[in-house]
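Have your viewer ready, with the selection tool to hand. We will go from stop to stop, picking a few residues each time and looking at what is there.

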Amino acid sequence: MKKVLRLLFLAILGLLLPVGAALAGSTIMVATDYWPPFRIESEDIRGIDPDILHEVGKRMGVEFVMTRMPWARCLEEMRRGGVDMMSGLAKTPERAEYIQYSDVVYYACAPAFYAREGTKAARVSTYAGLRDFSIGYTRSSAYFEPFDSDKTLHKMAGNNEHQLLRMVSEGRWDMLIGTDCQVDYDLARMVGTENLVKVAYRPEQRVNLYMGFSKRSPFRKRMGEFDAILRDMLANGEISRIASRYLKVSAK
């Protein structure tokens, strides 16, 4: 009888505890793919996002553990609740059906096209001019409208930016689309891509980056606390200082 009463007491206590207290000391599973300099391949995934989440985790009393998988699978795991969160997300209506986005834009990049130097593709100066060329893009990624929904373009899906860069540098595809802060980082370090430059056409849109929780994750209840910490890190320049450790490269 005493054991039953004790279990009942603990159950009631769990219901009365604040959500943050109930989830403190927990592990938050983060699905991700490599996307330098935000998530860089190493023995342990490193980069801007892991550094930000490490600091957020200290303040929230939780541990963020990153699990690497292809980007399309990351999104599917978020949809079904197999993982708790993702970082480096562009916001789309489709994703918002199963992702609770942070209110905070923690970083912003610009979409950009890249082609082999001296080619006709590199000289394209208007959006309409893209229709004459094959364009590599990362499967399940979002860049800008009308590009994302444009079915008149000859778009070629790849698994990641490294594959796209190789395909274009080898002349298999005419150009690729990516975000400048990521592709410029790769171009400064990746052997064999010295012949790639930014295409003359530069979209005006920006790619705002968010973090988000799966709507099936119990940790989504701590989104207000998560957002407050990100805002504080932006305001005091902490995110800028983290990013500066990785973004000291010269764009081509």
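## Stop one: a pair of strands

Select residues 111-116, strand β6, together with residues 175-179, strand β9: the two pair in the antiparallel sense over five bridges. Helices (H or I, at least four residues) and strands (E, at least two) are DSSP runs, numbered from the N terminus, and two strands pair if DSSP finds at least two bridges between them. Now pick Pro111, whose bridge partner in β9 is Thr179.

Before moving on, a word on what you have open. This is a predicted model, in which local features need pLDDT of at least 70 and side-chain atom pairs count only at pLDDT 80 or more, while totals for chains, interfaces and linings use all residues. Residues are numbered from 1 along each chain as its sequence is written, and side-chain values use heavy atoms, with hydrogens and water left out.

Buried means under 20% relative accessible area, exposed over 50%, and partly exposed in between (1.4 Å probe, protein chains only). β7 runs parallel to β8, joined by five bridges, and Ser134 has His154 as its bridge partner in β8. β7 also runs parallel to β9, here with two bridges; look for Ile135 opposite Met175.

## Stop three: helices on the sheet

Which residue does the side chain of Lys198 meet in a polar contact of 3.2 Å? Show side chains and you will find Asp184. A polar contact is a pair of N or O atoms within 3.5 Å; within protein, one must be able to donate a hydrogen and the other to accept it, and residues adjacent in sequence count only if both atoms are side-chain atoms. Lys198 is found in strand β10 and, at 18% relative accessibility, counts as buried.

## Stop four: the disulfide

Select Cys109 and Cys181, which are joined by a disulfide with S to S 1.7 Å; the structure holds one such link. The cut-off is a pair of cysteine sulfur atoms within 2.5 Å. With 80° about the S-S bond, the link of Cys109 and Cys181 is right-handed. The pair links distant parts of the chain, 72 residues apart: Cys109 in strand β5 (residues 107-109) and Cys181 in helix α7. Cys109 is buried at 1% relative accessibility, and Cys181 is buried at 12%.

## Last stop: a covered strand

Finish with residues 85-89, strand β3, where five of five residues are buried. Three bridges join β3 to strand β11 (residues 207-214), and the two run antiparallel. Select Leu89 to find its bridge partner in β11, Tyr210.
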